[in-house]
Amino acid sequence: QVVLVESGGGLVQAGGSLRLSCAASGRTFSNYAMGWFRQTPGKDREFVASINWSGDSTYYADSVKGRFTISRDNAKNSMFLQMSSLKPEDTAVYYCAARLVGSGGYYYSPRRPHEYDTWGQGTQVTVSS
C-alpha cells in the first residue's frame, strides 16, 4: 500500500497563496489516481480536486475552480495543490488521497472520499481575514 505524507500548510492572509505537497512512497505512484480533500471540525470531508494517473485529466470543486491547481510529478512520486486567492473559508485540514486505478480507466480520478483507500495525515491551512 502506498504511504502519503502532506506538507506545505500554514497560516496565510486572505488573497495569499500556498502550495501543498503530497509525497508518496511504497508502491508505484503512477498506478494511482490522486485527490485532495479538506475537512473542518464537525463537517464531512469535502472534495477539492482530483487528478488521473498521468496528470492530464483533472477535476475541481466549484468552490476552488480558477483559484487552485492540482498537478503531479510521477518521476518524483509527488502531487501538488497550488492555492491562490485564498479565502478564510478555505481554512481546513487538507488531506491527500490515493486510489489504485486498476480497471478504472485512463481518465479515472474519483471525487468521493469513499472511493479512496489510502489517506495522508493531513496538513492545516489557515487563512486569516
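This is a predicted model: local features need pLDDT of at least 70, side-chain atom pairs count only at pLDDT 80 or more; totals for chains, interfaces and linings use all residues.
Trainee: What does the radius of gyration say about the protein chain?

Mentor: The radius is taken over C-alpha atoms, and the globule rule is 2.2 Å times the number of residues to the power 0.38. For 129 residues, a compact globule would have a radius of gyration near 14 Å, and the protein chain agrees with its 14 Å. Along the principal axes, its C-alpha atoms fill a box of roughly 45 × 30 × 25 Å.

Trainee: Now the sheet. What is the order of strands in the open sheet of four?

Mentor: Two strands pair if DSSP finds at least two bridges between them. In this case the order is 1-3-8-7, with antiparallel pairing. Strand 1 (3–7) and strand 7 (68–73) are the edges, each pairing on one side only.

Trainee: Which residues stand opposite each other around strand 3?

Mentor: Strand 3 (residues 18–25) pairs with strand 8 (residues 78–83) over six bridges, in the antiparallel sense. Across that pairing, Cys 22 is opposite Met 79 and Leu 18 is opposite Met 83. Strand 1 is joined to strand 3 by five bridges, again antiparallel, and there Leu 4 stands opposite Ala 24. Strand 3 also has two faces: Leu 18, Leu 20, Cys 22 and Ala 24 lie on the covered one, and Arg 19, Ser 21, Ala 23 and Ser 25 on the uncovered one.

Trainee: Which strands pair with strand 9?

Mentor: Strand 4 (residues 32–39) pairs with strand 9 over eight antiparallel bridges, with Arg 38 opposite Tyr 94. Strand 11 (residues 123–128) is joined to strand 9 by three bridges, also antiparallel, and Gln 124 is the bridge partner of Val 93. Strand 10 has two antiparallel bridges to strand 9, where Ala 97 faces Trp 119.

Trainee: Is Val 12 buried or exposed?

Mentor: Buried means under 20% relative accessible area, exposed over 50%, and partly exposed in between (1.4 Å probe, protein chains only). Val 12, in strand 2 (residues 10–13), counts as buried because its relative accessibility is 12%. Across the protein chain, 43% of the 129 residues count as buried.

Trainee: Which residues does Val 12 touch?

Mentor: Contact means heavy atoms within 4.5 Å. Leaving aside residues up to four places away in sequence, Val 12 touches Ser 17, Leu 18, Leu 86, Thr 126, Val 127 and Ser 128. Val 12 and Thr 126 are 114 residues apart in sequence, yet 6.3 Å apart in space, C-alpha to C-alpha.

Trainee: How many aromatic pairs are found in the whole structure?

Mentor: Rings of Phe, Tyr and Trp (its six-membered ring) pair if their centres lie within 6.5 Å; planes under 30 degrees apart are stacked, over 60 edge-to-face, and the rest tilted. The search finds seven pairs. One of them, Trp 53 with Tyr 106, is edge-to-face, at 5.5 Å centre to centre and 85° between the planes. These two residues are 53 apart in the chain, Trp 53 in the loop between strand 5 (46–51) and strand 6 (58–60), and Tyr 106 in the loop between strand 9 (92–100) and strand 10 (118–119). Trp 53 is partly exposed at 30%, and Tyr 106 is partly exposed at 38%. Elsewhere, Phe 37, Phe 47, Tyr 95, Tyr 116 and Trp 119 form one aromatic cluster.

Trainee: Which charges lie over ring faces?

Mentor: A charge sits over a ring if NZ of Lys or CZ of Arg is within 6 Å of the ring centre and within 35 degrees of the ring normal. Arg 45 lies over the face of Tyr 95, at 3.8 Å from the ring centre, and Arg 72 over that of Phe 29, at 4.3 Å.

Note on methods
Residues are numbered from 1 along each chain as its sequence is written. Side-chain values use heavy atoms; hydrogens and water are left out.
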